[in-house]
Amino acid sequence: MTFSLAEATKWAPKGHVVATGQVQLTKPNNLRLAYSLSAPKPVKVEMPHSSQLLISGGSSVVWKFDLRMGGLVSWEIVDTKITSRPFNILTEPIVFDLYRAQTDNDRGCDFGRNWMSRRLHQAKHHGVQSSWAYKEDGTLEVVSRTRIMPPSLSWALEITATYHFTNDAVWIRAHAKPTGNGLPRAWGRLGLVTAVEGCDRVRWFGRGPHESYHDKKLSQLVGTWELPADELVTEYEFPQENGNRTDVRWVELWTDGRRSLPGRRRLLRARFGAFEGASFSVLPYSARDLDDCGHPYELHDRRRKDRVVHLDWMHHGLGTGSCGPETLPQYALDAGREYDVEVVLE
C-alpha cells in the first residue's frame, strides 16, 4: 500500500509518497523443498593432490574444495559458449565470518570495546577436519569442521558444515557452537565472506533499495531490486560498516560483460529460502579497510577491483551507542548460543 498526495502542497509536489505499508501474503519456499524439486544430477570428482577436491558440475562450473582449510577456494565458469578458458570468480576463499567493521555506535558503547578486548576483529578461520563421500544419487557430500578463533584467547566458534554438490549448485548447512572462556558478548555477524571478480551489478529480493539493518529497516520496502555494485556503498563521513541489505531471500551477482566474461550474465546466486533476517553486502573494501581508515580519502586509496561479498544469516543490530542506548537485546547477535543455518549457492 502506498499513500501519496493527490494535489501539490507548499511542502511537497503532487504524488509525493506520505506513507507505505506491506503485508506478507504467502510464506517463502523452504530450501529443502526447492532442492527436492530440482532433480539433482551426479558430479565428477578428482583429487589433484591429497588435500584438494576438483568437483565438476555439469558442463558449466568446476569447484575446488580445500580439505585442509575446510572451504571452497575456487568457483570456475567453464562453459565454452561463454568463455574460451576457465574463469574463476573467486579472488578469496569462501569462509565463515563473525566480525563487522565497527560503526560509530559500536565505538560509543560496550559492544565495540568488548569486541576489541575479546579480539573478535583478529579471529581467523582454521580448518580442523574434512571428509567426503558420494551419495546414492551420485552427488557429493563434504563435511568439514572448522574453528573461528582469535590469537592468545581461549574462546572459539566451532562450525560443522555440510557441503552438498550437485549440478551447478552447492547446498551448505552448518551448525555453529561457541566454546571456551571469555566469549564476546555478541558476534558482529554470522555468515560467509569471499571476494568476487567481475561483479558489476547486484539483484536481490528483500528490503531495498538503500541499506538496512536488523533494527534500521522499515523505511526500505520488500521487493525485487537491482543496482550497480558501486551504488551499494553508503559513504559516511567516518569510514565504518555500511551497505548492508536485510530480510533477503536471494541475491545475485552479475557481470555486464566489460570484464573477463563476454555479455551480461549471472556470476553467483545465494538463496536463503525461508530463513528470516538474512543479509548481504557487496563492497570494494574489507572490514579491516573500514576499521583502519579514519577519513574517506584514505578508504578510497584502498578501493579494490574485486568485491568483498558478505552473505550473512544474521547481523548484529546497530543500536544508538554514539548518542544513546546500545543495541537492544532483541537485536543483538548472542555469542553464547548455538545456531543452525543453511544457504544454496549457484
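Five elements each supply at least two residues of the largest pocket's lining: strand S8 (90-97), strand S9 (124-134), strand S13 (189-196), helix H4 (287-292) and strand S19 (307-315). Helices (H or I, at least four residues) and strands (E, at least two) are DSSP runs, numbered from the N terminus. S8 gives the most, with five residues.

This is a predicted model, where local features need pLDDT of at least 70, side-chain atom pairs count only at pLDDT 80 or more, and totals for chains, interfaces and linings use all residues. Numbering runs from 1 along each chain as its sequence is written, and side-chain values use heavy atoms, with hydrogens and water left out.

A pocket here is an open set of points on a 1 Å grid over the protein atoms alone, where a 1.4 Å probe fits, with protein on both sides within 12 Å along at least five of seven lines; lining residues have an atom within 4 Å of a point. Volume is the space filled by probe spheres set on the points, which are joined across faces, edges and corners.

| Largest | about 800 Å³ | 27 residues |

Closest to the centre of the largest pocket are Asp97, His121, Lys124, Ala287 and Arg288. Its lining splits into 12 nonpolar, seven polar and eight charged residues. Nonpolar means Ala, Val, Leu, Ile, Met, Phe, Trp, Tyr, Cys and Pro; charged means Asp, Glu, Lys and Arg; the others, Gly among them, are polar.
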